[in-house]
Amino acid sequence: MNIKIKRLLVFIVLISSQHICAQTQTRAGFLPSINYNHKINKLYELNFKLESRHFVFEDNASQSSNFEYNYSLSDVSALIGRKVGLNSKVVLGFLTRIEPEAVSFRTIQQFIFQTKIDNFRVAHRIATDQTFSSNESTEFRLRYRLSAEIPLSGLKVDVKEFYFKFNTEALNSIQDNAYDLELRAVPNIGYVINERHKIELGLDNRFVSFIDNQTRITSWITINWFL
Amino acid sequence: MKTASIIISVGFLLLFPFISKAQHKYEREFRIKSETIPQSAKEFIDSISADSKIKWYKEISLNDITLEAKFKYNKKKFSVEFDTLGKLQDVEFVIKKREISPAIYNKIKSKLDSIYQKWKFQKIQIHYSGKSSHIVDAIRKNEPSDSIKIAYEIVLKGKNLEDTQLYEITFNEQGELKNILLIIQDKADHLEY
């Protein structure tokens, strides 16, 4: 890479980070999930997911840090996937978000394809979703997620072996004609318990509101159970 | 060859449905230290003078335990398999389509055309088996002699009436079909959802 471009990138990162630090609101919590996958036949499969958010820490630049437990919400989703190629599928579904005082609904459309680079399995997910709620305008999102799995022993991940998984995602959203960008980076350590069950522990970092200069960083400790 | 943990052997299912009976073949491999490798296996690998670091693996299947060395030589990816006592079993390395002689390639192609509506190579490996010294000579000269046995192992994406699947297909030196395996890909729900 050209040295000038490198310097420019470093400069942008430094400026951005100073900018973010000056404005940032940080929150942290737990994000446990259960993910059930059921193969119907050669072409179709179902996916059900239950996920909930629990905040335990909040730090606003203008206020003091605060450790306090707060249940935030639960998401319940149901998706149906259809294989459209050897390593690709189209997925449709919906999600219900249950908050203490509100319920919202989301329709989801995804295209997922997998590639393999040596020992790495990589999945690409291009998705759109629309969130409907009674007290807010509909939010439209376009998102791209890259997930990479690296076996920690051997050439591929087998039963009773650990793996490292890294997800990174960019989410573009439009609501009330206002555009926003969210970035996510999620490193995970996973373990294959048996042919059916996997468990993952990770850190889901979300950088919200990049565009409107009120960046929030939310870090979740994630515990995912795939069955 | 070692891309899937479970391979269901369908033998000649696609050619002779009446004789086929699916068999399950489990493979699991993990990295091992070179200190645990028998001297004879290490000496064989040393005689090739690999261009890269040598990575050793132990591979466990239902019937067998083997040791495998993986490395690069002459810009090719090699995999050398030994039994647990260090006796050479075979050598395989990745080749390009154009490295198969046109006559053999045409035979392979017409056989694949007769099996699949559409197909595409994912990986081609050539296998050498025979006397160790002859195999080393063949690797160094980049040309097999008549004294070693050759086979082509092809991983391909094949489309038939039902759907598209990944297959591992073996052809002998003459381009005759020897075996077809259906590769069952590992679950990827944790990457997709």
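Me: Which residues of H1(B) are buried?

Reply: In H1(B), the buried residues are Ala41(B), Phe44(B) and Ile45(B); buried means 20 or more other C-beta atoms (placed from the backbone) within 10 Å of the residue's own, exposed 12 or fewer, and partly exposed in between. Helices (H or I, at least four residues) and strands (E, at least two) are DSSP runs, numbered from the N terminus. This is a predicted model, in which local features need pLDDT of at least 70 and side-chain atom pairs count only at pLDDT 80 or more, while totals for chains, interfaces and linings use all residues. Residues are numbered from 1 along each chain as its sequence is written, with chains lettered from A and ligands numbered from 1 in the order in which they are written.

Me: What covers the buried residues of H1(B)?

Reply: The cover includes E4, E5, E6 and H3 of chain B. The largest nonpolar core, where a core is a set of buried Ala, Val, Leu, Ile, Met, Phe, Trp, Tyr and Cys residues joined through C-beta atoms within 7 Å, has 15 residues, and Ala41(B), Ile45(B), Ala69(B), Val80(B), Phe82(B) and Val91(B) touch the most other members. Helix H1 (39-48), strand E4 (65-73), strand E5 (76-83), strand E6 (88-95) and helix H3 (132-141) of chain B each supply at least two residues of this core. A second, separate core of 11 residues includes Ile100(B), Ile108(B), Ile124(B) and Phe171(B).

Me: How many residues of chain B are in contact with chain A?

Reply: Two residues are in contact if their C-beta atoms, placed from the backbone, lie within 7 Å, and here 20 residues of chain B are in contact with 24 residues of chain A. On chain B, strand E2 (23-32), strand E9 (164-172) and helix H4 (189-192) each supply at least two residues of the side that touches chain A.

Me: Is Phe120(A) buried or exposed?

Reply: Phe120(A), found in strand E6 (residues 120-133) of chain A, is exposed, because 12 other C-beta atoms lie within 10 Å. Leaving aside neighbours within four places in sequence, Phe120(A) is in contact with Ala148(A), Glu149(A) and Ile150(A).
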